[in-house]
Amino acid sequence: MSISPSRTSETSAHERLYRSLRGRIMLGELPPGLPLTLRGIAAEHRVSITPAREAVRRLVAEGALTLSSSGRITTPELSVDRIEELAALRALIEPELATRALPRAHQALIDRLALINSAIGEAAEAHDAVGYIRTNLEFHRTLYLRAQAPAMLAILETVWLQLGPTMRALYGRVKRQEPPRHHRMILASLRAGDEPGLRLAVRADVTHGLRHLSQG
């Protein structure tokens, strides 16, 4: 059974659109509660309504977008309870990933993380919210890839995705001027091979910022 060229083109358009929207949401490029329409998404990305509908369907399933009973599409606008739930998930998953990565945290990896952390500082000094979020996620993902736990990392990425717009709001509130201070503790623990210290530093890092939002 052959697949028509038009169907193949539609599938690739849907995949490109899905990945583009997913990346923008995760990096906080879209603010919380932003209304979207299928027609607007399709026009912006120069695709038909069908790929736009499929991309939105997938993103709604991942919690990256919300769809009301009336069909209204928006980016997540999280309640305090939801923020606390997602922060708790991060606090469970990320220290475990870091611990699994520790035996494979060779010097080259630590040097790479230190460079990324410097880039986070540069984004903070430039008041570049999206750059800050992007490099911060890169710092964590680079470490967690060494855990060789793809299922756990995939679950974590859906949490990051749901938090993307909220993290942008958080950045605007705390007005960071430097990398998260807990990153220095993470790097020090990696250099020392200190598993308890690493778990503590990662847990503190992933919950500290979100506490600002949950406290109103």
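The chain holds 9 helices and 3 strands. The model is a predicted one. Read from the N terminus, the elements follow the order α-β-α-α-β-β-α-α-α-α-α-α. The chain has 216 residues, and 45% of them count as buried. Contacts across the sequence matter for the picture that follows. Take the contacts with a separation of 6 or more: 78% of them join residues 24 or more positions apart.

Start with the nonpolar core. In soluble globular proteins, nonpolar side chains tend to be buried together. Here the largest nonpolar core has 60 residues. Within this core, Leu 97, Leu 143, Tyr 144, Ile 186 and Leu 190 touch the most other members. Helix H7 gives the most to this core, with 9 residues. Beyond residues up to four places away in sequence, Leu 190 touches Leu 102, Ala 105, Ile 110, Leu 113, Leu 143 and Leu 198.

Two packed helices are described by the angle between their axes and the distance between the axes. For H6 and H8, the axes come within 13 Å and cross at roughly 20 degrees. Angles under 35 degrees count as roughly parallel, so H6 is roughly parallel to H8. The crossing of H6 past H8 is left-handed. On the H6 side, the contact is made by Asn 136, Phe 139, His 140 and Leu 143. On the H8 side, His 183, Ile 186, Leu 187 and Leu 190 take part. By class, this contact of H6 with H8 has 5 nonpolar residues, 3 polar ones and no charged ones.

Stay with helix H8, which spans residues 181–192. Ser 189 is found in this helix. Is Ser 189 buried or exposed? Ser 189 has a relative accessible area of 7%. The cut-off for buried is under 20%, so Ser 189 is buried. Leaving aside neighbours within four places in sequence, Ser 189 is in contact with Leu 102, Asp 194, Gly 197 and Leu 198. Leu 102 and Leu 198 are also among the residues that Leu 190 touches.

Back to helix H6, where Tyr 132 has its place. With a relative accessible area of 5%, Tyr 132 is buried. Tyr 132 and Glu 122 are 10 residues apart along the chain. Their C-alpha atoms are separated by 8.3 Å.

His 127 is not a glycine, yet has a positive phi of about 55 degrees. How is His 127 placed, buried or exposed? Its relative accessibility is 54%. Exposed means over 50%, so His 127 counts as exposed. Gln 148 lies in the loop between H6 and helix H7 (150–174). Gln 148 also is a residue other than glycine with a positive phi, near 55 degrees. The relative accessible area of Gln 148 is 55%, and Gln 148 is therefore exposed.

H2 and H3 cross in a right-handed sense. From H2, Leu 38, Arg 39, Ile 41 and Ala 42 make the contact. From H3, the partners are Ile 49, Ala 52, Arg 53 and Val 56. This contact of H2 with H3 has 6 nonpolar and 2 charged residues by class, with no polar residues.

End with a strand. Strand S3 covers residues 73–74, and Thr 74 is found there. Thr 74 has a relative accessible area of 8%, so Thr 74 is buried. Which residues surround Thr 74, leaving aside its neighbours within four places in sequence? Thr 74 is in contact with Gly 33, Leu 34, Pro 35, Leu 65 and Thr 66. Thr 74 and Ala 64 are 10 residues apart in sequence. In space, C-alpha to C-alpha, Thr 74 and Ala 64 are 9.1 Å apart.

Note on methods. Residues numbered from 1 in each chain as written. Predicted model: local features only at pLDDT ≥ 70, side-chain atom pairs only at ≥ 80, totals over all residues. Heavy atoms only, no water. Buried < 20%, exposed > 50% of the residue type's maximum accessible area, 1.4 Å probe, protein only. Helix = DSSP H or I, 4+ residues; strand = E, 2+ residues; numbered from the N terminus. Core = buried A, V, L, I, M, F, W, Y, C linked by side-chain atoms within 4.5 Å. Contact = heavy atoms within 4.5 Å. Left-handed = near helix turned anticlockwise from the far one by under 90°. Nonpolar A, V, L, I, M, F, W, Y, C, P; charged D, E, K, R; others polar. Axes fitted to C-alpha atoms, helices over the stretch in contact; angles between N-to-C directions. Parallel < 35°, antiparallel > 145°, perpendicular 65-115°, else oblique.
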